Amino acid sequence: MSSTLQKIKSFWLSKTPTQRVAMVFFVVALLSSLLALGLFSTKKEELSGVWKLIPDDAVMVIESPKLIDTFEKLKNASIWRSLRQMAYFDSAHHKAAALKRLRTDSLSIPEFLRGRNVYAAVLITARTDFDYLFFTPLQPTEQVFMQNIFAKVCNDYQLKIRSRNYNEIPIYEIYDSQTFDLEFVYCIHQDYLICSYTPLLVEDAIRKMIDDEPSSFLDINKELFKLAQVSEDDANLYINFKKFSDFLAIFTEDSARPILEALSALTGSFSLDAMVADNNLLLNGYSFFTNPEEAGKNDFLKLFLKQEPTSIAEILRIVPKQTAVFYRLGLSDPEGFFEKRNKEWKQNEPAKYAKLENLASEHSFSPDKFFKCIQSEVAVAYLEPEQGQAIADKLTFVRLKSRSKAEKMLNILAENTASVSGNTAKISQKYGRYTFTRVSIPDFSAILFGEMFGTSPQTFYTFLNDEYLVMGTRELPLRQLIEAIKQEEVWDKLISHRQFLDQIGKKSNLNFIVHVPRAWHLFSPYLNSTWQAPFEQYKFELLKFEFLGCQFLSDPNRMETNITIRHEKSSRAEAVNPNDTTQTVQATNFNLETKTKFQSQLISQPYIVRNHTDRKPEVIVQDAAFNVHLVGNDGKILWTRNLGDAICGKVMQIDYYNNGKLQFLIATSRHIYLMDRLGRVVGEFPVVLPAGQKIEYISVLDYDNSKNYRIAAATREGNVYLFDKEGRPLDGWQPKSLSGGLIAPLTHLRVAGRDCMLAIQKNGIVSVLKRDAVQYPKFPLAFNESDLGGTFFATINSSFGNSRLTVLNSKGDLIDFNLDGKITNLSTLESKSSKSIFTLCSDAVANKSWIVSRQEDKDLTFLRPDGKELFTKNFNTASEKDVCYYNLGGSLEIITVFDKIEKNTYIYYISGELVNHKPVSSAQKIALLYSESQKKFLVYKSHQNECQVLSFDY
């Protein structure tokens with residue numbers, strides 16, 4: 001905030017069109033995206049003077065009583081050190097230092113500003129632009145000082161001043177003497193210095209001065225000025241929230257307008273105090289309603305009056321790590337809240353109310369009775385979008401008084417809507433001990449709880465114990481939620497999330513929390529063409545603002561409002577900006593965590609497994625004597641077993657006894673072993689394949705999370721075997737003979753309640769099989785004997801027709817087809833050489849996204865699915881490289897390149913920056929883990945007779 005205000009001085013000094021864009025971005029980053037760098041508390045003073053001059057259409061007004069001190073405080077914060085990686089902020093830093101030295105014979109700029117209020121009003125100037133109007137009170141003698149300062153600036157920086165009269169008041173324009181570009185406009189009138197970068201704004205202010213009955217910011221926001229001044233705050237911000245949606249519309253496409261209009265209905269205006277604290281901006285104050293005398297009119301927050309805040313602690317145990325935006329209603333009287341909300345809808349939004357009533361009239365579902373089942377909170381989690389998703393998945397959480405009543409009502413609704421919709425698929429599916437049931441009503445959660453709960457063509461619901469009802473837009477996010485809770489990948493268990501949530505308090509009536517890195521791809525598609533480039537240019541810096549949390553608590557006639565913006569603390573916060581090639585940095589080393597030596601040279605890559613007792617990672621490796629070793633988290637060898645052959649495929653873990661303990665599934669060329677934690681063979685294993693068959697891939701299938709496993713082995717010859725968990729062969733799979741080897745293990749997909757076994761061959765033939773190994777209609781598909789490169793990518797939706805598979809051949813032909821056997825898209829990626837080799841690299845973490853590698857001699861280029869180039873690297877050898885792509889969520893992506901000839905692995909951020917500026921020596925492919933709580937990567941590598949675990953910070 002104080003940084004914004006210092007532009008009153010610093011921006012005169014130089015301003016090109018490029019800096020103009022940077023300046024606008026600066027305010028977006030600190031005032032819009034961060035919801036203001038400094039905020040407000042009102043003061044009891046004469047509400048006249050400057051407030052009568054500020055236009056009524058101002059979006060916000062920032063008042064700083066100690067501009068210089070606040071800027072000095074900001075300079076020492078980690079937030080500013082991170083922002084200085086952006087060219088504009090670094091320039092502002094140096095200009096501020098120059099301003100401190102600027103003085104006349106009697107006074108300097110800092111001395112002049114110290115203790116003086118400076119005001120900056122933000123106004124919309126065009127469809128995609130805004131500007132500032134600055135005000136500073138002046139004594140008559142100080143007016144001479146300001147004129148002298150402007151003259152000195154112009155003389156020192158080759159600028160000129162010209163004057164003109166507007167309504168008989170002199171306006172001074174500072175312009176570049178070389179380019180004649182207008183730099184700054186100011187006037188001095190009625191004891192105020194008034195200035196801007198836009199002449200029209202100064203002219204508007206002059207019109208306010210001479211208007212007999214002007215309408216000002218004060219006139220339409222009087223409620224903001226009734227609180228006592230808090231003298232210790234860094235600055236004050238007054239926000240006209242009804243205008244704030246128009247301000248956000250500057251940056252967004254027209255498609256975002258409904259969202260912004262819904263946002264504007266939240267409240268009338270804001271006032272908050274600010275404190276800058278190293279990596280946090282803490283904003284506290286109140287929100288005020290549009291019209292206190294008119295109950296419920298347009299202000300959503302007013303519905304919370306007389307509702308006691310409720311605890312957020314319980315629900316955090318089930319909010320999954322993938323959540324990008326979390327929105328929660330905390331209600332001490334849910335029935336009363338929704339009764340009041342329904343009356344407001346009936347009066348002011350009849351279309352919404354009609355949809356709610358239709359649930360009773362058309363589907364025999366009473367919303368009023370359902371609301372009586374709610375205990376204390378309703379929330380929605382917007383999940384980080386998967387690649388290619390047009391609409392993000394959402395999970396709605398409802399805390400219940402009575403599961404039995406809610407379940408009975410929903411089950412009847414599901415049956416009624418299934419018969420009406422004509423959807424013949426089963427309405428319920430089992431997933432372990434959970435049942436997922438479908439309600440065939442579009443936007444069901446939004447009809448019940450409001451538009452913030454999002455759109456969806458249908459809804460699936462389940463229950464977490466007897467406490468929470470969870471509704472999802474698809475079955476898949478419900479399955480992922482169950483696994484996240486099981487793996488403790490929920491907000492309450494993530495250290496960085498928990499630290500932030502502790503800051504914002506345990507009780508509230510309304511929470512709005514954004515995890516910025518995961519929300520980036522949720523919001524960025526809504527940016528308009530003007531703003532796409534600046535936001536993308538500074539993406540890596542913006543993503544360091546990790547959390548934005550807003551919470552509201554009921555007060556007798558207003559809402560207590562707290563906003564916390566958290567900037568991550570990490571070693572990379574001050575690292576080189578990958579988009580700025582002019583910066584230099586010192587390389588840091590990989591840290592050695594553990595090192596384990598073996599008697600023989602290692603021949604396998606490290607396979608990461610988990611200790612089921614403490615969830616810590618461990619490693620399985622194999623040496624040249626075919627000994628398999630389990631290495632603990634501390635680097636000690638826990639057991640060794642000789643298998644007499646090399647490991648084929650991956651090492652996996654299953655809960656064979658369904659008791660929470662995990663066993664290791666390991667295959668060699670003909671044998672499949674299942675071993676317990678002590679290295680002992682389990683049950684009837686090993687399974688032995690017939691002579692002449694050599695296993696290439698192994699996979700485990702669990703159709704419904706029942707632990708009734710199926711074990712698949714695909715051979716190099718194109719035979720696929722399927723065994724039950726006891727190792728017995730299944731009918732139709734003894735083996736299922738295909739015409740060639742596969743590009744990936746046999747994969748199970750569940751779509752609309754039907755199970756699909758996916759087998760994609762290297763020669764371009766695709767089979768989609770039922771459980772009994774019979775092909776689905778229209779399969780197999782043959783793609784002209786193509787040489788498919790890499791793996792495949794699956795996008796699973798609600799039906800066979802809208803579920804899509806993507807494959808890529810080595811020539812760059814990209815093919816999309818659905819599970820009805822229809823090709824939905826066919827395109828060819830750009831090639832720079834006839835010898836180019838294309839490979840599809842699917843995300844190795846959760847298979848939620850993919851990229852393409854294109855190798856041309858020694859050059860390796862990485863592409864997005866749309867063909868957009870990420871970066872190109874030149875290597876010492878032309879040998880084919882082994883590429884792995886890791887999408888860790890939160891806009892954190894890693895690419896590793898293994899060079900078998902050099903025996904090196906190169907680890908790149910998605911920007912193309914080589915981690916620690918050097919490769920990792922490795923005789924085999926590495927394995928990679930990321931600790932989100934510690935912001936640390938673990939690199940597992942095999943080299944000669946050592947297995948090492950290295951780490952590097954992010």
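Colleague: Why is R864 called buried in this predicted model?

Modeller: The relative accessible area of R864 is 18%. Buried means under 20%, so R864 is classed as buried.

Colleague: Where does R864 lie, and which residues does R864 touch?

Modeller: R864 sits in the loop between β46 (859–863) and β47 (869–874). Leaving aside residues up to four places away in sequence, R864 touches I851, L870, Y885, E893 and I910.

Colleague: Why does S803 count as buried?

Modeller: S803 has 1% relative accessibility. The cut-off is under 20%, and therefore S803 counts as buried. The place of S803 is in the loop that runs between β40 (793–795) and β41 (804–808).

Colleague: What does the side chain of S803 reach, and what makes that a polar contact?

Modeller: The side chain of S803 reaches the backbone nitrogen of N797 at 2.9 Å. A polar contact needs a pair of N or O atoms within 3.5 Å, so this pair qualifies by distance.

Colleague: Which residues does S803 touch?

Modeller: N797 is one of them. With residues up to four places away in sequence not counted, S803 also touches V751, T795, I796, F817, N818 and L819.

Colleague: Why are C154 and C373 called buried?

Modeller: C154 has 6% relative accessibility, and C373 has a relative accessible area of 4%. Buried means under 20%, so C154 counts as buried, and so does C373.

Terms used. Residues numbered from 1 in each chain as written. Predicted model: local features only at pLDDT ≥ 70, side-chain atom pairs only at ≥ 80, totals over all residues. Heavy atoms only, no water. Helix = DSSP H or I, 4+ residues; strand = E, 2+ residues; numbered from the N terminus. Buried < 20%, exposed > 50% of the residue type's maximum accessible area, 1.4 Å probe, protein only. Polar contact = N/O pair within 3.5 Å; in protein donor to acceptor, adjacent residues only side chain to side chain. Contact = heavy atoms within 4.5 Å.
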